[in-house]
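Please follow this explanation with the sequence and the coordinates open side by side. It moves from a helix and its ends to single residues, and then to charged pairs.

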Amino acid sequence: MNNVWSQYVQTTEELYHSREMRFNNSNKDLWLNAIDVKSGQHILEVGCAGGTFCHKIKKYVPDIKVTGLDLDTGHIEYAKAKTAELGLDCVFINGDAAAMPFADNTFDLCYSHTVSEHIPHKPFFGEQYRVLKQGGKIVVLSVRSRLGVKDSNWYLTSDEEKALFEKAWSKAKNFDKEHNIGAYEMDEHEYPKELEKAGFHDVNVDFFTIMNYAPDNVSVPYDIAIEQINDHRIGTLASVQKALNIVPDALTEYEKSTLFDLINKRFDKRIKQYNDGEKIWDFSTSTILAASGKK
């Protein structure tokens, strides 16, 4: 059983909700165009986590066959349960992106979202080349953090909260390095070169930007605004819990309770400010690289 990612990096719930905030009805055409989904295709998502993108694509383009692959057993169990809950027929398989359990020439389209950063380049691109049909397409999506917008209010915390958060992570700070998290991140210019090395042709690089958090925007409905704020809450709480999963005694029981209380009070305050009509303008954006090629 492999659940390192869902226990110590990003929980499945956290990932599912954050990806729902990114891929939604207001920007679905951007995503579908970037992934280049076509009717009748057999599609594979490499590194599907809890299945958000598979579910979204299947809802928007029902006459496709969707398979999701992830190494993390917790992610796959969640994806299967969520699929049944939604009444969809997506297939989810536990497996390694560097040695995929699929026959050659199986899929019309392979895509991934923020996965290439964590897997050695040669097997990551090579395996997708192998399982694609002749003429099939690979699309690699990667969030480019340095190109996104984060307002300073996004990170506002009290000194006490900041100190406890840093203490929680102080003994766990080497975890990412030890587990190769983000070890294979590339400069934007390297993506087309890696695709060509793997044998792909008709290579293309594009970028698009989405507004994934903007509760004060007039265009954002009330329920979505509250969901956006609470999604950030979930991510912050999950980050603390992951640190404590790695080093359970990093904080005393009193410190744990205090830190969780401070975080919840901060987001409760943000919701109250929103409900009171107080504009904070703590918006953020994500810029996504979309590198593609054909077999």
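Just after helix 5, Gly87 takes a positive phi of about 70 degrees, where helices (H or I, at least four residues) and strands (E, at least two) are DSSP runs numbered from the N terminus. The model is a predicted one, in which local features need pLDDT of at least 70 and side-chain atom pairs count only at pLDDT 80 or more, while totals for chains, interfaces and linings use all residues. Residues are numbered from 1 along each chain as its sequence is written, and side-chain values use heavy atoms, with hydrogens and water left out.

Helix 5 itself covers residues 73–86, and its 14 residues should span 20 Å at 1.5 Å a residue, which agrees with the 20 Å between its end C-alpha atoms; the expected span is 1.5 Å times one less than the number of residues. At the start of this helix, a side-chain oxygen of Asp72 comes to within 2.8 Å of the backbone nitrogen of Gly74. The buried residues of helix 5 are Thr73, His75, Ile76, Ala79, Lys82 and Thr83, where buried means under 20% relative accessible area, exposed means over 50%, and partly exposed lies in between (1.4 Å probe, protein chains only). An α-helix has 3.6 residues a turn, so residues three or four places apart point the same way.

Helix 4, residues 52–60, contains Cys54, which counts as buried because its relative accessible area is 0%. Leaving aside neighbours within four places in sequence, Cys54 is in contact (heavy atoms within 4.5 Å) with Glu45, Cys48, Val66, Thr67, Gly68, Cys90, Phe92 and Tyr111. Between Cys54 and Cys110 there are 12 Å in space, C-alpha to C-alpha, and the two are 56 residues apart in sequence.

Asp89 counts as exposed because its relative accessibility is 53%, whereas Lys58 is buried, with a relative accessible area of 9%.

Which backbone angle is found at Ala49? Phi of Ala49 is near 55 degrees, a positive value in a residue other than glycine. Ala49 is placed in the loop between strand 1 (42–46) and helix 4, and it is buried, with a relative accessible area of 4%. A positive phi, near 50 degrees, is also found at Asp202, again a residue other than glycine. Asp202 lies in strand 6, residues 201–213, and counts as exposed because its relative accessibility is 53%.

The loop between strand 5 and helix 7 holds Arg144, which counts as buried because its relative accessibility is 5%. The side chains of Arg144 and Ser142 are joined by a polar contact of 2.6 Å, that is, a pair of N or O atoms within 3.5 Å, of which, within protein, one must be able to donate a hydrogen and the other to accept it, with residues adjacent in sequence counting only if both atoms are side-chain atoms. Leaving aside neighbours within four places in sequence, the contacts of Arg144 include Glu117, Glu185, Tyr191, Phe207 and Leu289. Glu188 forms a salt bridge with Arg144, the closest N and O atoms being 3.1 Å apart. The pair links distant parts of the chain, with Glu188 in the loop between helix 8 (175–178) and helix 9 (190–197) and Arg144 in the loop between strand 5 and helix 7, 44 residues apart.

The structure holds 22 salt bridges. One of them joins the side chains of Arg270 and Asp282, at 2.9 Å from N to O. That pair too links distant parts of the chain, Arg270 being in helix 11 (residues 253–275) and Asp282 in the loop between helix 11 and strand 7 (284–294), 12 residues apart. Arg270 is buried, with a relative accessible area of 6%, and Asp282 counts as buried because its relative accessibility is 5%. Elsewhere, salt bridges that share partners join Asp36, Lys38 and Lys137 into one network.

Conventions:
A salt bridge is a side-chain nitrogen of Lys or Arg within 4 Å of a carboxyl oxygen of Asp or Glu.
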